Amino acid sequence: MRLSLVVFAVPLALSGQNYLNPDLPPEQRAADLVSRMTLEEKVLQMQNAAPAIPRLGVPAYDWWNEALHGVARAGQATVFPQAIGLAATWDTDLMHRIADVISTEARAKYNEAIRQGDHSRYHGLTFWSPNINIFRDPRWGRGQETYGEDPYLTGRMAVAFIRGMQGDDPHYFKTIATAKHYAVHSGPEPLRHGFDVHPSERDLNETYLPAFRASIEEGKAYSVMCAYNAVNRVPACANTDLLQKWLRSEWGFSGYVVSDCGAIADIFRGHRYKSSAAEASAAAVQAGTDLTCGREYASLVDAVKSGLIDESAIDQSLERLFVARFRLGMFDPPERVPFSKIPYSVVDSDAHRKLALEAARKSIVLLKNEYEALPLAAGLRRIAVIGPSADDPEALLGNYNGFSSKVVTPLEGIQQQFAGKEVRFAQGAAYTARTGSIIPSALLDPPMRPEPEALTSYAGTLRAPVTGEYTFLLRRGRRGAAAKIFLDDREVTKPVALEAGKTYRLRSEGAGIIQWIPPADALLAEAVQTVKGADVAIACVGLNPNLEGEEMRVSIPGFSGGDRTDLSLPAAEERLIEAAIDTGKPVIVVLTSGSAVAATYAAQHAAAVLEAWYGGEEIGTAIADTLAGMNNPAGRLPVTFYRGVDQLPPFEDYSMNGRTYRYFKGEPLWGFGFGLSYSRFEYSDARAQRTGTGATVSAQVKNTSAREGDEVVQLYFEGGGAGAIRELRGFQRIHLRPGESRVVAFAIPQSELPKTPVQVSIGGGQPVGGIPHVQATL
């Protein structure tokens with residue numbers, strides 16, 4: 001293997017040295033290796049793109065890798081539902097299995113990269129996932145990356161993910177997971193480089209820190225990423241309260257801390273907490289930030305020489321980093337590392353795709369099902385599929401994503417599931433009037449997929465769906481690369497008129513994904529006619545990761561800088577839903593989004609509503625399975641769906657008052673923990689008893705329907721915290737056959753019990769809105 005040649009091709013004088021001895025403790029090996037480096041070599045190793053040190057046999061390594069819901073940015077990989085969708089499964093066992101698969105594919109990619117001598121970014125074993133910030137406000141564009149608004153649910157999912165990523169080998173990490181962004185970080189995106197948060201002690205201890213604590217104490221995360229923002233006037237990456245008092249002293253963290261990218265520069269540029277790169281870097285290292293994503297730590301040489309920091313502090317940070325590399329087996333013979341033989345063939349394998357389908361099916365939340373409109377009746381003959389996300393594979397992937405060998409869109413899944421029916425597609429609307437979207441695959445031959453290979457060029461044919469004026473543009477082109485679009489061999493430089501049903505030769509030169517903005521009125525009219533000729537319409541609408549995400553250059557009605565300014569469906573999609581429902585045909589609305597959408601019209605008038613999130617490579621199959629009744633939906637909301645922004649405090653206000661189900665006193669559109677099923681469940685015999693070590697709470701759950709299904713049993717403390725209305729304290733996802741009963745019990749540790757009696761509720765969601773539940777006093 002190339003790894004053996006690179007790592008062990010060291011001068012003979014070094015053979016037998018401690019850092020090359022795999023039988024010695026990693027801490028001893030790291031101290032020995034660091035002691036042999038010059039100051040200049042040391043500081044370069046504390047930057048994410050660490051260069052090789054040939055004289056010591058140290059290969060180059062880039063610490064930057066992503067694995068939020070699959071190995072990202074490194075070519076082909078299994079793409080699971082976006083993190084918010086995984087949270088909607090309320091299934092920690094599934095989360096652990098997913099993380100285990102992600103780490104398996106990560107090792108396979110790393111092994112292949114080492115064989116190829118590739119030490120570039122996104123090919124290592126240190127992953128900057130999971131994002132465990134609290135999704136306190138639905139306007140935050142990066143909320144899709146989180147596990148929702150509740151600290152308990154976030155903590156449970158985070159622990160399962162971290163354990164699956166890092167593995168359970170006694171000597172070697174499978175990979176290293178990074179809990180981010182520490183701490184009190186959740187937008188606004190445009191302000192993040194200089195934003196200062198002043199959380200109350202209650203909010204800090206009961207909302208913003210618990211998931212990080214669980215990730216360290218239970219999950220044993222070996223890496224933490226400090227955030228851009230400041231907390232109580234001190235930038236997070238230079239904040240000794242965060243990095244020393246709580247992280248290391250109270251929680252016992254022994255791993256390394258990495259900055260968010262450019263966050264060290266923010267210490268002196270954005271926050272103006274220090275006056276230079278050297279001062280900022282010294283403050284960050286002294287506080288406990290061991291690694292920078294960036295180049296700022298090159299200034300540490302001057303910082304040492306000018307007395308801003310002692311070299312011993314640099315040694316301490318660097319030793320932590322090399323302990324991690326030793327524990328990953330990067331300097332050991334491959335035969336000693338149990339993961340070194342994982343072959344590349346496991347990547348996006350059939351078994352992994354099957355798990356992606358299971359996750360997608362479990363993530364779907366049934367929000368409305370009037371008169372049992374779902375599952376669809378077997379006698380239906382004509383199905384209309386409309387909406388911009390019906391045939392948009394890019395919208396299914398979320399952000400921080402990889403690219404699978406095949407993505408099943410909702411349209412494709414419905415066509416496959418209902419092969420004996422007449423399925424007709426009409427896009428009906430773009431996401432917004434001012435943003436482009438990928439051209440539906442049904443109109444292209446061959447289809448164009450949002451994969452790395454598609455970022456070179458495209459050549460095929462396009463069938464225009466309606467007559468009118470179209471705008472074409474290229475997105476994701478490489479910086480500085482010229483890119484052009486041609487229709488019938490003529491370069492497209494302005495809007496062009498196309499004729500319905502006519503086929504045009506379409507090609508691009510240069511890197512980019514071809515997008516379009518089709519004529520709105522004609523597109524809507526086509527969709528209305530399609531719905532009128534059908535027995536039922538499936539409307540796939542919502543958002544996409546080009547509208548909500550990380551620090552984006554988006555400024556259109558409803559969206560700003562990656563965040564949202566309005567919770568409603570974009571106007572074009574709302575118009576499509578209203579027009580489809582006005583036909584009188586039953587309309588099933590499928591929401592695709594990474595955050596809560598105030599689909600108030602659909603909630604009132606649609607026959608049924610499903611939330612499918614950014615569901616990954618198999619979400620199209622999962623949606624079709626759900627429509628057909630092959631999948632009984634049991635996802636539950638990990639966030640509150642508000643009726644509008646008027647129900648929310650100002651976005652910049654980090655106080656939890658009036659936010660999330662724990663402190664919001666209004667009437668939501670759909671509440672946290674809500675989700676319907678094709679089955680019916682009954683709760684009885686609630687019991688609660690304190691013991692010498694804590695308490696036990698239980699209830700009997702029975703499936704009273706004729707259909708087997710999953711139920712998510714949720715335990716809440718009513719008024720369980722200072723000022724909280726209620727708080728989640730336990731959950732279990734169970735499967736029950738028709739007529740089957742089961743006693744579901746929760747063990748509550750003494751440390752989580754209030755000193756005074758508390759009312760507890762056990763049920764299929766919060767005890768509001770008719771959700772079945774039982775109560776007891778603990």
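Visitor: What makes the charged end of Arg327 count as sitting over the ring of Tyr222?

Guide: The model is a predicted one. The charged end of Arg327 is 5.2 Å from the centre of the Tyr222 ring and sits over that ring; the cut-off for the distance is 6 Å, and the direction must also be within 35 degrees of the ring normal. Likewise, the charged end of Arg136 sits over the ring of Tyr654, at 3.7 Å from its centre.

Visitor: Why is the pair of Trp64 and Tyr122 called edge-to-face?

Guide: The structure holds 24 aromatic pairs. In the pair of Trp64 and Tyr122, the ring centres are 5.9 Å apart and the planes meet at 75°. Centres within 6.5 Å make a pair, and planes over 60 degrees apart make it edge-to-face, so the name applies. Trp64 and Tyr122 are both buried.

Visitor: Why is the pair of Phe472 and Trp516 called tilted?

Guide: Their planes stand at 50°, with the centres 6.3 Å apart. An angle under 30 degrees would be stacked and one over 60 edge-to-face, so the pair is tilted. Phe472 belongs to strand 16 and Trp516 to strand 21, 44 residues apart.

Visitor: How do you know whether Phe472 is buried or exposed?

Guide: Its relative accessibility is 9%, and buried means under 20%, so Phe472 counts as buried. Trp516, at 0%, is buried as well.

Visitor: What puts the buried residues of helix 9 on the same side?

Guide: Leu242, Leu243, Trp246, Leu247 and Arg248 are buried in helix 9. They cover an arc of only 160° around the axis, and therefore lie on the same side of helix 9.

Notes
Residues are numbered from 1 along each chain as its sequence is written. This is a predicted model: local features need pLDDT of at least 70, side-chain atom pairs count only at pLDDT 80 or more; totals for chains, interfaces and linings use all residues. Side-chain values use heavy atoms; hydrogens and water are left out. Buried means under 20% relative accessible area, exposed over 50%, partly exposed in between (1.4 Å probe, protein chains only). Helices (H or I, at least four residues) and strands (E, at least two) are DSSP runs, numbered from the N terminus. The arc is that of the directions from the helix axis to the C-beta atoms. Rings of Phe, Tyr and Trp (its six-membered ring) pair if their centres lie within 6.5 Å; planes under 30 degrees apart count as stacked, over 60 as edge-to-face and the rest as tilted.
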